[in-house]
Amino acid sequence: MRKALLLFYVVTFYVFAEMAWWGYLLIKAEPDRKLMVLGEGSVFLFLVCIGIIQIHKTLSRQETLSHQQKNFLLSVTHELKSPLASIKLSLQTILKRVLTADQQQSLLGNSLKDIERLDDLVENMLLATKIENSSYSFPKDKFNLSELVEKVVERLQVHACNSQTIKCSVSPNIYLIGDAFAMNSVLINLIENAVKYSPPCAEVQVSLDSTDGQIYLWVADQGKGIPDAEKNRIFDKFYRIGSEDTRQTKGTGLGLYIVKKVLETHQASILVVDNTPTGTIFEIHFTAQHDS
């Protein structure tokens, strides 16, 4: 892509040089038509500049996307390799060593967590691909959102820390008409992000409430927070905060992209605000929904 941009700059310079040269020759050959040459040349130059600007924007976007896709592949490779290596080590330990029942249960439990992590990664990639290709229909059924939130929190609690880190405040029997599978992915991505970007064993808060038929969901962390300049970009596909050299957390850049797209199909809005004293809060508001 850089070669393409370099070639584009060379061709652009050549076009302007040729236009200036031929304009000079025309004016020199016919001085009385100088105004006409300058006028028509200015219009042509204006149109060429518009085309050049649009081509440059397209090439720049392609270069950025190519870079993001490369980083995505590297991230996915790492995300797959780490749990697979852990599962392999656990199974080899069980096969080669004489262990107590508790030790075996511990290793199998850790392996199960890694398998769930792999399953989440695969589901994210599949869902993102279906959304991008418009091949996912987002079925609409009435389901208990309260139970879904509690189920996701209970499952992710064991991934977070040995202590209680995810504080859940959920009003009972809040129902939503939508896609339970897609909403499950939304909750997993938001809560996992909150845990991932928070200090070790810091408290993450998940709240669900309903007022006058409107449903509100909050996920708050105590991490470093998100700069204002990046709050509108974090939902872009493959986008991740910071540079590849300074970024420490794992991720593929698909989680918040899926969150945004799924919520759009559920007529829901998501707002990113600063937490106090530090961290980020994701506020989700479902409009025109039903509860019981």
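User: In what order do the elements of the protein run from the N terminus on?

Analyst: This is a predicted model. Its protein has six helices and seven strands. From the N terminus on, these elements run α-α-α-β-α-β-β-α-β-β-α-β-β.

User: What share of the contacts in the protein with a separation of 6 or more comes from residues 24 or more positions apart?

Analyst: Buried residues make up 35% of the 292 residues in the protein. As for the contacts with a separation of 6 or more, the share from residues 24 or more positions apart is 71%.

User: Are helix 3 and helix 5 parallel or oblique to each other?

Analyst: Helix 3 spans residues 101-132 and helix 5 spans residues 180-196, and their axes lie 11 Å apart. The two helices pack at an angle of about 120°. Angles of 65 to 115 degrees count as roughly perpendicular and those over 145 as roughly antiparallel. Helix 3 and helix 5 are therefore oblique.

User: How do the residues of the contact of helix 3 with helix 5 divide into nonpolar, polar and charged?

Analyst: Helix 3 contributes Asp120, Glu123, Asn124 and Leu127, which meet Phe181, Ser185, Ile188, Asn189 and Glu192 of helix 5. The residues of this contact divide into three nonpolar, three polar and three charged.

User: What is the angle between helix 3 and helix 6, and how are the two helices oriented?

Analyst: The axes of helix 3 and helix 6 are 10 Å apart, and the packing angle is about 50°. That angle makes helix 3 oblique to helix 6. Helix 3 passes helix 6 in a crossing that is left-handed. The values asked for are thus an angle of about 50° and an orientation that is oblique.

User: Which residues of helix 6 make the contact with helix 3?

Analyst: On the side of helix 3, the contact is made by Asn124, Leu127, Ala128, Ile131 and Glu132. The residues of the contact divide into six nonpolar, two polar and two charged. Those of helix 6 are Gly255, Tyr257, Ile258, Lys261 and Val262.

User: What covers the buried residues of helix 6?

Analyst: The buried residues of helix 6 are Gly255, Leu256, Tyr257, Ile258, Val259, Val262 and Leu263. Their cover includes helix 3, helix 5, strand 6 and strand 7.

User: Is glutamine 267 buried or partly exposed?

Analyst: Glutamine 267 lies in the loop between helix 6 (255-265) and strand 6. Although it is not a glycine, glutamine 267 has a positive phi of about 50°. Buried would require under 20% relative accessible area. At 48% relative accessibility, glutamine 267 is therefore partly exposed.

User: Where does asparagine 173 lie?

Analyst: Asparagine 173 is not a glycine, yet it has a positive phi of about 55°. With a relative accessible area of 40%, asparagine 173 is partly exposed. Asparagine 173 lies in the loop between strand 2 (166-170) and strand 3 (175-178).

User: Which residues does a cis peptide bond join?

Analyst: The proline concerned, proline 277, lies in the loop between strand 6 (268-274) and strand 7 (280-286). The omega of the cis bond is about 5°. This bond joins threonine 276 and proline 277.

Definitions and conventions:
Residues numbered from 1 in each chain as written. Predicted model: local features only at pLDDT ≥ 70, side-chain atom pairs only at ≥ 80, totals over all residues. Heavy atoms only, no water. Axes fitted to C-alpha atoms, helices over the stretch in contact; angles between N-to-C directions. Helix = DSSP H or I, 4+ residues; strand = E, 2+ residues; numbered from the N terminus. Parallel < 35°, antiparallel > 145°, perpendicular 65-115°, else oblique. Contact = heavy atoms within 4.5 Å. Nonpolar A, V, L, I, M, F, W, Y, C, P; charged D, E, K, R; others polar. Buried < 20%, exposed > 50% of the residue type's maximum accessible area, 1.4 Å probe, protein only. Left-handed = near helix turned anticlockwise from the far one by under 90°.
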